[in-house]
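Please open the model in your viewer and keep the selection tool at hand.

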Amino acid sequence: MGIHGLSRVIADNAPKAMKENQIAQYFGRKVAIDASMSIYQFLIAVRSEGSVLTNEAGETTSHLMGMFYRTLRMIENGIKPIYVFDGAPPKLKSGELAKRLDRRNEAEEQARQAKESGSVELMDKFSRRTVKATRQHTEDCKKLLTLMGIPVIQAPCEAEAQCAALVKQGLAFAAGSEDMDTLTFGTPVLLRHLTFSEARKMPISEISIQPALEGLGLSMDEFIDLCILLGCDYCDSIRGIGPTRALALIRQHRNIETILENLDRDKYTVPEGWPYKEARDLFQHPSVLAADDEQMQIKWERPDEEGIVQFLVTENGFNEKRIRAGVEKLIKAKGTSTQGRLDTFFKVVEGKRKEPEVKKPTPAKGPKKSKTAKAAK
């Protein structure tokens, strides 16, 4: 779900934080990609484009097609992806997961009714809402990425948090996800639409956290409180407070505690036992792997062509000619992408931003002597 309305809040109040680029402009960049979100996208996209792809055993293979060709597209454009997979969800997210299950069950019933009524359009609409990325989908994609020579990281908890950590640790340029809460976890740069199909002709949306904070007039901690007010995966929002009001309250009171002290409880309904402090702590101190963790061995290896063919063609029924052509492109593109960007040759020093040097005023000199005075000497 991410953060309700955050994209619009940033666009309206900090437009300099957002820009659109073509994918080729990220040549040479390492990007930490939210794999779980990508798998879900692939399953939805293929379902909306036509019938679901399956192998001879009737198992879905749409996620494999998406993972193979969208990753190939990135690598052909010089991007070096690092795929990050979700770990165990935090306990605080159980309420949101239960809501998603209820919505999925409701959609399944609506899809069944649409099928009985013969409405293909409605059946397709509700069927998309029943899509769920399973553990098998995840394991399939991990196997394929490993065969392609792409680094895979298993996050201890939320993939978005680990993606943000990789960027903050200097191991990637940006996090790639559709979830806006990747910004709430503190990624300096977020890229959206990166794993969309080329057919959709969507530019890459780049959002930078620092100009967003400057435009909103907030510190990072205040930004996190704003995101909780807007509505996140970890707790409900305050009924009656929309995006505009939420930003105004944070700007006025600077934190949720002070907002609650001054809130009109007759006008706005605060959820009983509202766990906003726990949600804040999850954003400020997420469970992530450290840069020196042994699982953080990030290397791009040569693709295993025969392994890919065995997995995609023999086991899952893909067209061999197309897969071998794709692997050939992958090998060629990997050779090209070893060239680095010019800015990667210069080390970025973390710490306080250097203030602009202010020139000291030149000491005032005495009155200039006239030529006549000089001659008198």
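Select I33 and then G176 in strand β5, its bridge partner there. The model is a predicted one, in which local features need pLDDT of at least 70, side-chain atom pairs count only at pLDDT 80 or more, and totals for chains, interfaces and linings use all residues. Residues are numbered from 1 along each chain as its sequence is written, and side-chain values use heavy atoms, with hydrogens and water left out.

Now display β5 (residues 174–176) with β2: the two strands pair in the parallel sense over 3 bridges. Strands here are DSSP runs of E, at least two residues long, and helices are runs of H or I of at least four, numbered from the N terminus; two strands pair if DSSP finds at least two bridges between them.

In β3, I33 has Y83 as its bridge partner. Of the 5 residues of β2 (residues 30–34), 4 are buried, so this strand is largely enclosed by the rest of the structure. Buried means under 20% relative accessible area (1.4 Å probe, protein chains only).

Move on to the aromatic rings, where the structure holds 5 pairs. Rings of Phe, Tyr and Trp (its six-membered ring) pair if their centres lie within 6.5 Å; planes under 30 degrees apart count as stacked, over 60 as edge-to-face and the rest as tilted. Select W274 and Y276: their ring centres are 5.1 Å apart and their planes lie at 45°, so the pair is tilted. Both W274 and Y276 are buried. Finally, select F185, Y234 and F283, which ring pairs link into a cluster.

Terms used:
Buried means under 20% relative accessible area, exposed over 50%, partly exposed in between (1.4 Å probe, protein chains only).
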